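Colleague: Here is the model I want to go through. Let's take it one question at a time.

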Amino acid sequence: PLPPLHEECIMSIVIPVYDESTTRLRDQLRSINAQTVNATQCEIVYIVNNGDRATTPKPVLAANDKALAFLKKAKSRIPLIVLDYTTKGHELEIGNVGNARNTAIHLVAQRYLNQNRDGILFQTDADTLLTSNRLLSSMIADYKKYGCIGASGGVRFVLSMDSRKKQDQLFYKRHLRDFNMFAQWGYLIKALHNRKLAPPVTPTRFSGANMSSLVIAAVCAGGVPKLHRGVDLYFGEKLELYAKKRNALILPRRDKWIVQTSFRESTRTG
């Protein structure tokens, strides 16, 4: 069971961890703990996860075991909760990022409901840094000011390699411009085939590295789909439908609440 929710806590930061280095986790914890927000107002919830250990690649299991050990011993100004869904007997039945997020969301929501109140659910990734030390306090202030049930934040991608091989790093740096042009070309082609002239990214489109909502609204909207990828887009769409039915607000903050996340080589993201 999770520890009791602090009576002053109004924000839960949920972060799934899969095949992640302790260096990235250490950097992330530093960026969160550097926030100006009162420590009792927030909590950090890491969920270290994978599916069946018999079918999960051994390097991933080793990385997850190392991450779990690091997080359990990590010191944090902001209360830190570590959910073990990686060791034998604790694995997720469906081992993907959607199910990991969904599991954490429901465990967090249960604690708010037990106290007959709501809070802010801030979802991000394990390779993401909070570059402004006033991000969390700004989020809390705007949720109170506008009475919104959700908000989409912005993301700045920075090339950050997993591989330490010099030849790999040189390859990606050399082709980064080509990839950028290819992505823009893809957007243009899509626009030509679309009858409606609309921007490829709407102001309230969610990104998994920076999306937030009220805790109870996330559950009522159906939670996060138990999928391997694209869960942020689906979750954002479900939350918008939920908001529309209740005449509630999804706050566009892609130009103000910006985090830095890793643009990296990965077989999981293609």
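Colleague: How do α1 and α2 run, roughly parallel or roughly antiparallel to each other?
Modeller: In this predicted model, helix α1 (residues 22-33) packs against helix α2 (residues 58-73) at an angle of about 30°, taken from 0 to 180 degrees between N-to-C directions of lines fitted to C-alpha atoms over the stretch in contact. The cut-offs are under 35 degrees for roughly parallel, over 145 for roughly antiparallel, 65 to 115 for roughly perpendicular, and oblique for the rest. α1 and α2 are therefore roughly parallel.

Colleague: What should I know about numbering and confidence, and which atoms are left out of side-chain values?
Modeller: Numbering starts at 1 along each chain as its sequence is written, and in this predicted model local features need pLDDT of at least 70, side-chain atom pairs 80 or more, while totals for chains, interfaces and linings use all residues.

Colleague: How far apart are the axes of α1 and α2?
Modeller: Both are helices, meaning DSSP runs (H or I, at least four residues; strands are E, at least two), numbered from the N terminus. They pack at an angle of about 30°. The separation of their axes is 10 Å.

Colleague: Which residues of α2 meet α1?
Modeller: On the α1 side, the residues are Thr22, Leu25, Arg26 and Leu29.

Colleague: Take Phe70: is it buried or exposed?
Modeller: Phe70 sits in helix α2. Leaving aside neighbours within four places in sequence, Phe70 is in contact (heavy atoms within 4.5 Å) with Thr22, Leu25, Arg26 and Leu29. Its relative accessible area is 18%, and under 20% is buried, over 50% exposed, and in between partly exposed (1.4 Å probe, protein chains only). So Phe70 is buried.

Colleague: And how far is Phe70 from Lys144, C-alpha to C-alpha?
Modeller: Phe70 and Lys144 are 74 residues apart along the chain.

Colleague: What is the relative accessible area of Lys73?
Modeller: Lys73 also lies in helix α2. Between Lys73 and Arg24 there are 15 Å in space, C-alpha to C-alpha, and 49 residues in sequence. Lys73 is exposed, because its relative accessible area is 72%.

Colleague: On to α3. Is Arg101 buried or exposed?
Modeller: Arg101 is in helix α3 (residues 97-114). Beyond four places in sequence, its contacts include Pro16, Asp125, Met211 and Val231. Its relative accessibility is 2%, so Arg101 counts as buried.

Colleague: Which residues does Asn102 touch, not counting those up to four places away in sequence?
Modeller: Asn102 is in helix α3. At a relative accessible area of 9%, Asn102 is buried. Pro16 is 86 residues away along the chain, and the two C-alpha atoms are separated by 9.9 Å. The residues Asn102 touches are Gly223, Val224 and Lys226.

Colleague: Where is Asn116?
Modeller: Asn116 is not a glycine, yet its phi is positive, about 55°. Asn116 is exposed, with 74% relative accessible area. Its place is the loop between α3 and β4 (120-123).

Colleague: Asp19 also has a positive phi; what is its relative accessibility?
Modeller: Asp19 has a phi of about 55° although it is not a glycine. The residue sits in the loop between β1 (11-17) and α1. Asp19 counts as partly exposed, because its relative accessibility is 30%.

Colleague: How many residues apart in sequence are the parts that Tyr143 and Trp257 tie together?
Modeller: The structure holds 4 aromatic pairs, and Tyr143 with Trp257 is a stacked one, 6.4 Å centre to centre with 20° between the planes. Rings of Phe, Tyr and Trp (its six-membered ring) pair with centres within 6.5 Å; planes under 30 degrees apart are stacked, over 60 edge-to-face, the rest tilted. Tyr143 and Trp257 are both buried. Tyr143 is in helix α4 (residues 135-146) and Trp257 in strand β8 (residues 250-263), so the sequence separation of the parts tied together is 114 residues.

Colleague: What is the relative accessibility of Arg253?
Modeller: Arg253 is in strand β8. Beyond four places in sequence, Arg253 touches Asp142, Tyr146, Ser152, Gly153, Gly154 and Pro203. Arg253 counts as buried, because its relative accessibility is 8%.

How values were computed
Heavy atoms only, no water.
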